[in-house]
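Hello,

Here is the structure for you to look through. Please open it first, then read my notes below.

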Amino acid sequence: MSEHDEQKLVVQWFRVQYPKHSKCLWAIPNGGARHIGTAIKLKQEGVIAGVSDLFLMIPKAQWHGMFIEMKA
């Protein structure tokens, strides 16, 4: 199974398990091939290679969320 397929299943699972928090988990578009114009715009907006794939924006104790790195 590819990393894409695994990440897709994680997001689908989360949205079924926690529907009230479905907008609290999102992907960070930091990889993949793109048109050079799009890549330039995203870089100007702050996209950085190597940043984790997902972010879960639910605070717990002293933490304010969790970055998740997917690996196949």
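Start with helix H1, residues 3–17, in this predicted model. It has 15 residues, and at 1.5 Å a residue they should span 21 Å.

Now look at which residues of H1 are buried: Gln-7, Val-11 and Phe-14. They cover an arc of only 65 degrees around the axis, so they sit on the same side of H1. The general rule is that an α-helix has 3.6 residues a turn, so residues three or four places apart point the same way. What lies over the buried residues of H1? The cover includes strand E1 (25–27) and strand E2 (54–56).

Next, the largest nonpolar core. Six residues form it: Val-11, Phe-14, Leu-25, Leu-54, Leu-56 and Met-70. Nonpolar side chains tend to be buried together in soluble globular proteins.

Take Phe-14 from that core. Skip its neighbours within four places in sequence, and Phe-14 is in contact with His-21, Ser-22, Leu-25, Leu-56 and Ile-58.

Finally, find Asp-53. It is in the loop between helix H2 (36–45) and E2. Asp-53 is buried, yet it has no salt bridge. Which side chain of opposite charge is nearest to Asp-53? That is Lys-71, 6.0 Å away. Again leaving aside neighbours within four places in sequence, the contacts of Asp-53 include Glu-3, Gln-7, Trp-26 and Met-70. Gln-7 is also one of the buried residues of H1.

Best wishes

Technical notes: Residues numbered from 1 in each chain as written. Predicted model: local features only at pLDDT ≥ 70, side-chain atom pairs only at ≥ 80, totals over all residues. Heavy atoms only, no water. Helix = DSSP H or I, 4+ residues; strand = E, 2+ residues; numbered from the N terminus. Expected span 1.5 Å × (residues − 1). Buried < 20%, exposed > 50% of the residue type's maximum accessible area, 1.4 Å probe, protein only. Arc of directions from axis to C-beta. Contact = heavy atoms within 4.5 Å. Core = buried A, V, L, I, M, F, W, Y, C linked by side-chain atoms within 4.5 Å. Lys, Arg positive; Asp, Glu negative; His and termini not counted. Salt bridge = Lys/Arg side-chain N within 4 Å of Asp/Glu carboxyl O.
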